[in-house]
Amino acid sequence: MKKRIAYIVILALLVSVFAGCSAQPAQQSAEPSGVNLGDESMVLFTVEGANVSSMTLGEYLALEQMTVTLSRTNSHGETFTGTYEGVHFTTLKDALGIGDFSSIELEASDGYTMVYTADILEDADSVFAVIQDGAAIESEGDGHMWFCGSENFTANNWCKYVVKITVVP
């Protein structure tokens, strides 16, 4: 009887050891909030006037991320509040090798451009976001990223679906 119990205990231990060896560890997502943002080899945006000519989604996600809640009022007087996750300009600037500049021009997927000065870009609550309210920003054309200017500036300081960053010396 004692041998039978010993065999059962040994068998149970072996099963648990083998089961533990074959278990797959949980995969850590580099993506903010664990949201699937798509193919990390996709070029998120191109750059002119910096040391880097483009940035992939994977490279972007490897940068320090931030989350900020912003409210903005559009031209129709409607106020929207959202939580945005992405990268602050100072982090992006360092990663892209952007030196001194007078302004930065952002181009949207539809060709619309906006010019920003350092005070808007470097405000603590301004963000280059890829997530809005816990979901990936829906693509329009090739654009998957928004520049969300801080509440210290008007809603006119937002650029949706950014596909190109140009450094103006």
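Helices and strands here are DSSP runs, a helix having at least four residues and a strand at least two, numbered from the N terminus. With that settled, I read the element order of the protein chain from the N terminus as α-β-β-α-β-β-α-β-β-α-β-β-β-β. The count comes to four helices and ten strands.

**Entry 1: confidence**

I note that the model is predicted. The protein chain has a mean pLDDT of 83, with 80% of its residues at 70 or more. I then looked up residues 4-30, where the pLDDT is below 50; apart from near neighbours in sequence, this stretch makes two contacts in the model. Where pLDDT is low, the predicted coordinates should not be read in detail. I leave that stretch there.

**Entry 2: whole chain**

I looked up burial for the chain: 39% of its 169 residues are buried. The accessible surface is about 9,700 Å², and carbon and sulfur atoms hold 53% of it. For contacts between residues at least 6 apart in sequence, I find that 57% join residues at least 24 apart.

**Entry 3: the five-stranded sheet**

I traced an open sheet of five strands in the order S2-S1-S10-S5-S6, with mixed pairing. Which strands stand at the edges? They are S2 (54-56) and S6 (113-116); each has a single partner strand, so one side of each lacks a neighbour in the sheet. From one strand to the next the twist averages 20°.

I went through the pairings next. S1 (residues 43-48) and S10 run parallel and are joined by three bridges; Thr 46 stands opposite Lys 164 in S10. S5 and S10 run antiparallel, with six bridges between them.

**Entry 4: Leu 106**

I picked Leu 106, in strand S5 (residues 103-108). Is Leu 106 buried or exposed? Its relative accessibility is 0%, and it therefore counts as buried. Leaving out residues up to four places away in sequence, I list among its contacts Tyr 112, Met 114, Tyr 116, Phe 128, Phe 147 and Ile 165. Cys 159, Val 162 and Lys 164 are also touched by Leu 106.

**Entry 5: nonpolar cores**

The largest nonpolar core has 32 residues, and those touching the most other members are Phe 45, Tyr 60, Leu 92, Ile 104, Leu 106, Phe 128 and Ile 165. Which elements give two or more residues to this core? I find S1, H2 (57-61), H3 (89-96), S5, S6, H4 (118-121), S7 (127-132) and S10. Another core, of eleven residues, lies apart from it and includes Leu 70, Ala 129, Trp 146 and Cys 148. In soluble globular proteins, nonpolar side chains tend to be buried together.

Beyond residues up to four places away in sequence, its contacts include Tyr 60, Glu 85, Val 87, Phe 89, Leu 92, Leu 106, Leu 121 and Ile 165. Met 145, Trp 146 and Phe 147 are also touched by Phe 128.

In H3 I find Phe 89, Thr 91, Leu 92, Lys 93 and Leu 96 buried. Why does Thr 91 count as buried? The cut-off is under 20% relative accessible area, and Thr 91 is at 18%, so it counts as buried. Setting aside neighbours within four places in sequence, Thr 91 contacts Leu 63 and Glu 64. Gly 97 follows H3 and has a positive phi, near 75°.

Leu 121 is in helix H4. With 0% relative accessibility, Leu 121 counts as buried. Its contacts, not counting residues up to four places away in sequence, are His 88, Phe 89, Phe 101, Ile 104, Tyr 116, Ser 126, Phe 128 and Phe 147. From C-alpha to C-alpha, Leu 121 and His 88 are separated by 8.1 Å, at 33 residues apart in sequence.

Notes
Residues numbered from 1 in each chain as written. Heavy atoms only, no water. pLDDT = per-residue confidence, 0-100. Contact = heavy atoms within 4.5 Å. Buried < 20%, exposed > 50% of the residue type's maximum accessible area, 1.4 Å probe, protein only. Areas by Shrake-Rupley, 256 points an atom, 1.4 Å probe, with all protein chains shown as cover. Pairing = 2+ DSSP bridges. Axes fitted to C-alpha atoms, helices over the stretch in contact; angles between N-to-C directions. Core = buried A, V, L, I, M, F, W, Y, C linked by side-chain atoms within 4.5 Å.
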